[in-house]
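Hi everyone, thanks for coming. Let me put the sequence and structure up, and then we can walk through them together.

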Amino acid sequence: MALKKPFTGIGKTYKNMKITKICCIGAGYVGGPTMAVIAKKNPNIQVTIVDINEQRIAAWNNPDVSKLPIYEPGLAEIVEETRGKNLFFSTNIDKAIDESEMIFISVNTPTKTYGKGKGMAADLKYVELCARNIAEVATSDKIVVEKSTLPVRTAQAIKSILHNIGSQVNFHILSNPEFLAEGTAIEDLLNPDRVLIGGESKIAIESLANVYGSWVPKDRILTTNLWSSELSKLTANAFLAQRVSSINAISELCEHTEANVNEVAKAIGMDSRIGSKFLKASVGFGGSCFQKDILNLVYIARSYNLNEVANYWEQVIIMNDHQKRRFADKLIKTLYNTVSGKKISMLGWAFKKDTNDTRESAAIYVTDHLLNEQAKISVYDPKVPKEKVYSDLNYLNTRTEQENQDNVIINDNPYDTVKDSHAIAIMTEWDEFKNYDWKKIYNDMKKPAFIFDGRNVLDKSEMNKIGFEYFSIGQ
Ligand code: UDX
Ligand code: ADP
């Protein structure tokens, strides 16, 4: 779409589009680490991350960097190095928008919980609020960058809002999806496989490419049209999730045939056409992106009446739900068909290791299922705060908050957690689990002592030697 006016703003004219100030709306798992790395690599650019959540901003400003709201290896060090120099955290959204040439929208886009598209479509209300906010306060031209994962053609909606609110300034919209994975976010940002920039304005694309160009090699900065960029993000996540569901489907077959899923994954992964990554069988994928993005893809395909396309991708989610469910069912069946009144210990609550994020974590759904069967649950996770475990369970609305409180205990210490339990379920692949004193744990448990290793982190023969009844995925 052509711009209405040349790209020269009131009180400001971009000659070479040099970016001196960046604003990022949304201080979450994407905005925080991404902007920290941009600030570190561009000491001459002032980066301000803003959020409506005052508590979150206060936590980002905590002088003790071990208390930042997000745990990511390497993040605290970068924040310590840049904060107060060229990286700022603020709740003054309007000021940061107005003084910046480039604004990243990095707010959450959860699956809708109401109305049309409920349970499938992305809820774009936060993105729309940002677009309106930008349009209302901008007094100079802006490059607006979509960072949040968005359905294809969201840029159209953002454009329409920005260009129709009556503001005198020009806006360029770019799509710059984030491919970082939590737990390795800093490494992924410092060393990306590629940076994708979709847009229409060459100058705007170039100015964003220059920001990344201070550390990312040119040949890894890919430019496309807006819609390809938006769709590529959804597609990348759908393909990755599909690999996990594919190997998880095979894991069930392995359990019935004495094949070992780890061996199968290794054997197929050595085929360079298949590749070895994302073939780790597990209790099921979690995280804020995979399920949401596939549901989004399915919803979009259905909206164009592409039912075969929609059904194809939906199967990835169906398989993932099945994997979580069958893990819980196997535990119940093995414990003589009842867990009522039995203590089951969950080791790990985060959706993967090295993050404190619990969104869509398999642990939540497995625990919910076990609570329905009247189990007593104890939980230990090295990084997830106590309140988060309760709020995750309360959010499901399966039972009262009091009932969750009464039936779930959260410990700070793994040995207290597992003491006297009938079974342990390993839900997250935290490295520390491998180094526990498993003999001591065995001695402290009810017998027979069961382990259900949802991440295949422990050694089966070693566990059997100690005396455990050990079950894992696909072995
Ligand atoms: C994902 C994408 O990888 C990333 O590019 C995108 O920007 C956001 O979504 P993330 O959800 O943070 O990142 O983590 P990821 O490493 O992809 O893991 C997602 C889930 O799949 C986790 O629950 C993980 O444990 C699980 N998983 C991953 C497996 O069960 N097996 C695997 O082999 C890989
Ligand atoms: P992500 O994983 O995509 O980064 P998060 O939920 O971790 O998602 O972070 C998104 C952040 O965006 C939250 O801290 C939320 O408060 C913030 N946010 C949402 N809407 C707005 C808005 N209109 N203005 C400013 N911040 C917002």
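A polar side-chain atom of Lys-352 sits 2.7 Å from an oxygen atom of ligand 1, a polar contact in our terms (a pair of N or O atoms within 3.5 Å). Lys-233 also brings a polar side-chain atom to 3.0 Å from an oxygen of ligand 1, and a polar backbone atom of Phe-179 is 2.7 Å from one. On its own, ligand 1 exposes 660 Å², and the protein buries 91% of that; areas are Shrake-Rupley values with a 1.4 Å probe.

Quick housekeeping: this is a predicted model, with local features needing pLDDT of at least 70 and side-chain atom pairs counted only at pLDDT 80 or more, while totals for chains, interfaces and linings use all residues. Residues are numbered from 1 along each chain as written, chains are lettered from A and ligands numbered from 1 in written order, and side-chain values use heavy atoms, without hydrogens or water.

Back to ligand 1: 20 residues surround it, meaning that a heavy atom lies within 4 Å. Which helix gives the most to that shell? Helix H9, residues 226-257, with four residues; helices here are DSSP runs (H or I) of at least four residues.

Now for ligand 2. A polar side-chain atom of Asp-51 is 2.6 Å from an oxygen of ligand 2, and Arg-359 places a polar side-chain atom at 2.8 Å from an oxygen of ligand 2. Val-30 uses a backbone N or O atom, 2.9 Å from a ligand 2 oxygen. Taken alone, ligand 2 exposes 580 Å², of which the protein buries 89%.

That's my tour, thanks!

Notes. A polar contact is a pair of N or O atoms within 3.5 Å; within protein, one must be able to donate a hydrogen and the other to accept it, and residues adjacent in sequence count only if both atoms are side-chain atoms. Helices (H or I, at least four residues) and strands (E, at least two) are DSSP runs, numbered from the N terminus.
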